[in-house]
Amino acid sequence: MEYEIIHLQKEKWKGTLIPIKYTTEKYYDVIVNKTDKGFAIDIEKKDFKEPVSHSPEECDFPDKLYQDHWENAYAWGVVVDDELVAAIETDQELWSNRLRITELWIAEKYQKQGIGHALIEMAKEQARRERRRAIILETQSCNVNAVDFYQHEGFALIGMDTCCYRNNDLQRKEVRLEFGWFPEEKKSLNPEEVEIRMETKDDWHNVELMTQHAFWNKHHLGCDEHYLVHKLRQDKDYLPELSRIAVKDGEVIGCIMYSKARVIDEENTHEIITFGPLCIEPKWQGCGVGELLLRETMKVAADKGYKGIVIFGEPDYYPRIGFKTCDNFDITTADGKNFDAFMGFELAKNGMKDIKGKFYESEVFVDLPKEEVEEYNKKFPKLQKLRFPGQWD
């Protein structure tokens, strides 16, 4: 089955009933015993004497999307012929830096077609983007299919509540179980593991494909940075002698693209450099590849006599490399502004001491025509355009 996951906007879907129901012949029996040394907890899969069913009708508070007590809820789903057939909802647990899956449902007709896995991957991607330390969720000890599914998706048992639904949950064999998923802890790559080199024409497509992966749905629906890379190579300000790619085991996993820029005051034009994009294949992000590219190329730029770098970049990342906001250099944007994402770096001591004025980069960085980007996208495998929480709202 072909299906498309879409963002379920709160304005339209708030209050929509999520009809979670199931019939099971098995349950996970939870037994808690007090011992001389503490407590002994045993959880074992067993058979019910007769099948047991649960449905929304038996609940005092049936599951609905965007309930008021979930203050940071966000939902995705699958809609077929204007009917919701699958949904996942998350809520950002800000105080603990965890992401909670509050709802996950697939209509029976659409189960076992990979939709559940795809929805879980959406939550995992949200957790990665927001740098959450874990994803947590609740299910019941009698919902064996759900327990087994979550374990298959990499979730582990992290806790339980033996009186969440009623005071006799242990006896009724319906105990609240908490499961958690933890993003893989990434280790920094050693310089010996990564080849930093100039790109060749044979690398072009793979560099653009990697760039597309790195920026897809990051700043807006889809991205245009891979097309920017294509256009930048043809631009008069492009500096291939400074630009580099990172390669590991024959795979392009990162790139940094440099170009000339100018700082202009009333009387003088000062030539400096800028870079962008600097990007890393998502699975290698957080492994130090970006810093390897930066350190290598900044040394090359300094050796070639360039005085400084000015960029628009992420203020949570670049200051640790030594970048400072441009108000430290008496440099503003072309419209006279300064802000945290506008930063500079001196390639030599006091390299930008006498450089003051307004910053201008190549015209290639002006917004790229959407129709050109869409046409260029046809050269790459189709990716789905999706919005994540907090993006460009």
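Mentor: A salt bridge is a side-chain nitrogen of Lys or Arg within 4 Å of a carboxyl oxygen of Asp or Glu. The model is predicted, so local features need pLDDT of at least 70 and side-chain atom pairs count only at pLDDT 80 or more, while totals for chains, interfaces and linings use all residues. Residues are numbered from 1 along each chain as its sequence is written, and side-chain values use heavy atoms, without hydrogens and water.

The strand in question is β9, residues 176-181 (strands are DSSP runs of E, at least two residues, numbered from the N terminus). Six of its six residues are buried, where buried means under 20% relative accessible area, exposed over 50% and partly exposed in between, with a 1.4 Å probe and protein chains only. R176, E178 and G180 point one way, and L177, F179 and W181 the other way. In a regular strand the side chains alternate between the two faces of the sheet.

Strand β9 pairs in the antiparallel sense with β7 (residues 134-140) over six bridges and with β8 (residues 156-161) over five bridges; pairing requires at least two DSSP bridges between two strands. In β9, F179 stands opposite L137, and E178 is the bridge partner of G159.

As for charge, R176 and E138 meet through their side chains in a salt bridge of 3.5 Å, N to O. This pair links strand β9 to strand β7, 38 residues apart. R176 is buried at 19% relative accessible area, whereas E138 is partly exposed at 30%. Both belong to a network of salt bridges that links R100, E138, R176 and E178.

Conventions:
Helices (H or I, at least four residues) and strands (E, at least two) are DSSP runs, numbered from the N terminus.
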